[in-house]
Amino acid sequence: MAQKPVIELEGIRRDFIVGSETVHALRGVSFTIHEGEFVTIMGTSGSGKSTLLNILGCLDTPTSGEYRLDGTPVRTMSKTQRAVLRNRKIGFVFQSYNLLAKTTAVENVELPLMYNSAIGARERRDRAVTALQRVGLGDRLNHKSNQMSGGQMQRVAIARALVNDPAVILADEATGNLDTRTSFEILVLFQQLHAEGRTIIFVTHNPEIAQYSTRTITLSDGKLREDRVNTNILDATVKLASLPVEEE
Amino acid sequence: MNITNLFKIAMKAIGANKMRSFLTMLGIIIGVSSVIIMLALGHGAKETIKQDIQETDPGTIMIIPGPDYETLEGDWLPEYSQTLKPADYQSILEQNKYLKSLSPMVFSDGQLVCGNNNHSTTVYGVNDQYPAISGQVVEKGSIFTEEEIHSSAKVCVIGKSIVDKLYDKDADPIGTVIRINNIPVAVVGVLKSKGKDITGRDQDDLVLMPYTTVMKRMNPWQNYYNMIYATAENEKMIDLAMKDVTEILRANHKIKEGDMQDFNVRSLEQAVSMVDSVMGALTLLLSCIAGISLLVGGIGIMNIMYVSVTERTREIGLRMSVGARTRDIMNQFLIEAILISVTGGLIGVLIGASIAYFARFILMNFTEHHFLIAVEPWTVLLAFAICTITGVFFGWYPAKKAANLDPIDALRYE
């Protein structure tokens with residue numbers, strides 16, 4: 001799988017100053033993720049995975065080391081440049097969905113494109129509708145966020161992450177708030193997106209999810225402990241089929 | 001993000017908390033409407049006074065006895081009121097170069113009796129030129145003649161209110177005799193009604209008599225005039241005429257260079273501009289007081305915007321994570337604040353203008369006041385400008401707070 005590198009990390013360190021002490025959240029992390037990979041980043045709490053996710057998502061910058069996203073060096077970028085970079089290259093999926101309240105699915109999905117002045121209202125709407133259809137919510141375009149189930153809300157969030165055709169989708173415990181069955185439905189969706197060539201980084205503390213990805217990076221104490229290519233990738237649809245159908 | 005979308009977001013945010021937004025607006029509504037009302041009243045007062053004065057000859061000059069009160073050192077002495085003598089009037093009459101008309105004035109209280117009716121009023125002793133100076137028109141009959149003045153004839157011209165008080169409806173007062181302070185006086189003319197002035201004083205409640213009659217028969221002790229009225233040939237000659245009159249009187253009174261002058265010459269123009277500046281200052285003061293409520297309203301906006309920012313911290317985090325720049329977030333909250341204040345301003349202007357015109361309607365139709373309350377267009381523009389500034393000013397810090405949030409913290413905010 002010698003594809004083009006999407007994410008290149010070289011000796012990433014991130015220090016936080018808490019009171020008079022310096023906390024080393026990341027102590028020199030290096031790895032490269034290529035286009036089309038489905039990577040899970042694992043680690044216990046305090047391992048530095050949240051800090052790493054923030055840096056990968058361009059929400060934070062490393063104290064030292066270089067991070068190139070789709071070939072662009074991020075460390076020296078201004079806040080505004082990073083905002084634009086996030087807008088064009090990254091799709092976020094959060095644990096708690098983070099949809100706008102009392103807002104329709106389409107409007108929620110349109111949001112990233114709202115901050116891209118190159119895209120007009122017509123194209124924005126078309127792309128949002130396409131993204132929603134892709135996640136299986138073509139019939140719920142105008143449902144408001146408070147009229148949807150957790151699984152549906154997370155699908156809207158995934159559609160929102162897809163709508164700007166990002167270089168990488170960053171999912172932060174994306175199944176953490178969902179029941180087992182819905183979690184696997186979402187996992188099926190991620191596997192499908194991966195099959196279509198999307199690059200996905202899935203941050204989780206759940207080792208089961210790692211079995212469905214192509215590669216697992218494990219962090220411990222701010223360092224990379226294990227970087228393993230998964231040879232036996234499980235199919236989430238199989239697992240989903242084996243789960244009992246819950247009564248509504 | 002473009003401005004249209006920002007407006008949509010702001011409207012949605014305001015709509016999501018209708019009651020709260022309305023209460024916040026209320027501060028601005030009250031502030032703006034009171035400023036509008038105050039300015040409308042101030043404008044009305046000015047216009048009304050101007051209109052009242054316009055009826056008088058614009059070239060009017062008043063010669064007042066005594067030194068200038070404002071620069072007077074020491075107490076006002078009784079003799080200061082008695083410095084305009086008949087000889088002064090004669091000198092001005094003979095020597096003036098720029099005057100069109102001239103009339104002495106003496107006042108007297110008058111107790112009027114006509115049949116079973118009686119009424120007390122002020123009697124003005126003047127000459128036949130006075131109605132032209134003061135802008136009064138003799139509607140029925142005529143003003144007394146020079147001959148009648150010369151002979152101190154017992155004749156008078158009465159105002160409309162006097163007619164209403166003393167006579168039955170439809171009765172013709174011309175030729176009748178009324179008693180003024182027990183002196184029988186023939187009514188030779190009736191003045192056209194001028195209504196009430198801005199202070200509510202009835203301008204038709206007066207009697208005009210020859211000044212000679214008042215001095216000789218009613219105030220026999222009086223050997224001076226209370227005032228002398230004059231008008232310049234035209235408005236351009238007011239200053240010349242004032243100087244001329246001053247010189248004549250200084251010569252008459254033998255006042256040397258640097259000595260205190262025992263009379264004052266003023267023009268109506270000066271009086272108008274003084275009234276103008278007093279009214280302007282008063283309007284400004286009242287508007288400023290009203291403006292304080294606008295300030296309080298602005299603080300209300302600031303408060304609610306802080307609440308809004310705090311409530312929507314996660315939304316801000318999300319917007320930032322999907323690519324909103326600092327500027328986008330800043331604009332979003334600024335526009336929300338401006339929208340609240342400008343909408344409040346719009347409602348405030350409507351309410352303020354409605355109250356102002358309603359008050360005018362009531363005053364004009366149900367009282368005899370003609371108070372020209374009016375909302376000037378510039379005050380509306382001012383109100384909107386102030387509202388926008390209020391929105392920006394009080395929305396700035398909350399918006400800045402929102403824009404400076406760290407997206408990582410904002411996303412995790414509970």
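Which residue in E8(A) is the bridge partner of A:Val39? I looked it up, and the partner is A:Ile201.

**Entry 1: ground rules**

I am working with a predicted model, where local features need pLDDT of at least 70, side-chain atom pairs count only at pLDDT 80 or more, and totals for chains, interfaces and linings use all residues. Residues are numbered from 1 along each chain as its sequence is written, chains are lettered from A and ligands numbered from 1 in the order in which they are written, and side-chain values use heavy atoms, with hydrogens and water left out. Helices (H or I, at least four residues) and strands (E, at least two) are DSSP runs, numbered from the N terminus. I call two strands paired if DSSP finds at least two bridges between them.

**Entry 2: the six-stranded sheet of chain A**

I started from the pair that holds A:Val39 and A:Ile201. Strand E3 (residues 38-42) and strand E8 (residues 200-203) of chain A run parallel and are joined by four bridges. They belong to an open sheet of six strands in chain A, which I read in the order E6-E7-E8-E3-E9-E10, with mixed pairing. At its edges I found strand E6 (90-93) and strand E10 (223-229) of chain A, each pairing on one side only. Neighbouring strands of this sheet are turned by 20 degrees against each other on average, direction ignored.

Next I looked for helices on this sheet. Helix H5 (residues 150-162) of chain A packs on it, touching E6 and strand E7 (168-172) of chain A, and its direction makes about 170 degrees with that of E6(A). For such angles, axes are lines fitted to C-alpha atoms, for helices over the stretch in contact, and the values run from 0 to 180 degrees between N-to-C directions. Helix H6 (residues 180-195) of chain A lies across E3, E6, E7 and E8 of chain A and runs at about 150 degrees to E8(A).

Then I followed the sheet to E10(A). Strand E9 (residues 215-220) of chain A pairs with E10(A) in the antiparallel sense over six bridges. A:Arg215 stands opposite A:Val229 in E10(A). The hairpin of these strands, E9(A) and E10(A), has two residues between them, and A:Asp221 takes a positive phi near 55 degrees there.

**Entry 3: the four-stranded sheet of chain A**

Chain A also has an open sheet of four strands in the order E2-E1-E4-E5, with antiparallel pairing. Its edge strands are E2 (21-34) and E5 (72-73) of chain A. Strand E4 (residues 64-69) of chain A is joined to E5(A) by two bridges, and A:Leu69 stands opposite A:Thr72 in E5(A). I also noted helix H1 (residues 49-56) of chain A, which lies across strand E1 (5-18), E2 and E4 of chain A at about 125 degrees to E1(A).

**Entry 4: strands of chain B**

In chain B, strand E2 (residues 99-114) and strand E3 (residues 117-126) pair in the antiparallel sense over nine bridges. B:Cys114 has B:Asn117 in E3(B) as its bridge partner. In this hairpin of E2(B) and E3(B), with two residues between the strands, B:Gly115 takes a positive phi near 65 degrees. E3(B) also runs parallel to strand E8 (residues 206-210) of chain B, with five bridges between them; B:Val123 is partnered there by B:Val207.

**Entry 5: where the chains meet**

How many residues of chain B are in contact with chain A? I found 25 residues of chain B against 24 residues of chain A, with contact meaning heavy atoms within 4.5 Å. The area buried between the chains is about 2100 Å², 57% of it from carbon and sulfur atoms; this is the accessible area (1.4 Å probe) that two parts lose on being put together, summed over both. B:Leu318, B:Val322 and B:Ile408 supply 25% of the area that chain B buries against chain A, more than any other three residues.

I looked for charge pairs too, and the count between the chains is one salt bridge. The side chains of B:Lys12 and A:Glu107 form it (3.3 Å, N to O), under a cut-off of a Lys or Arg side-chain nitrogen within 4 Å of an Asp or Glu carboxyl oxygen.
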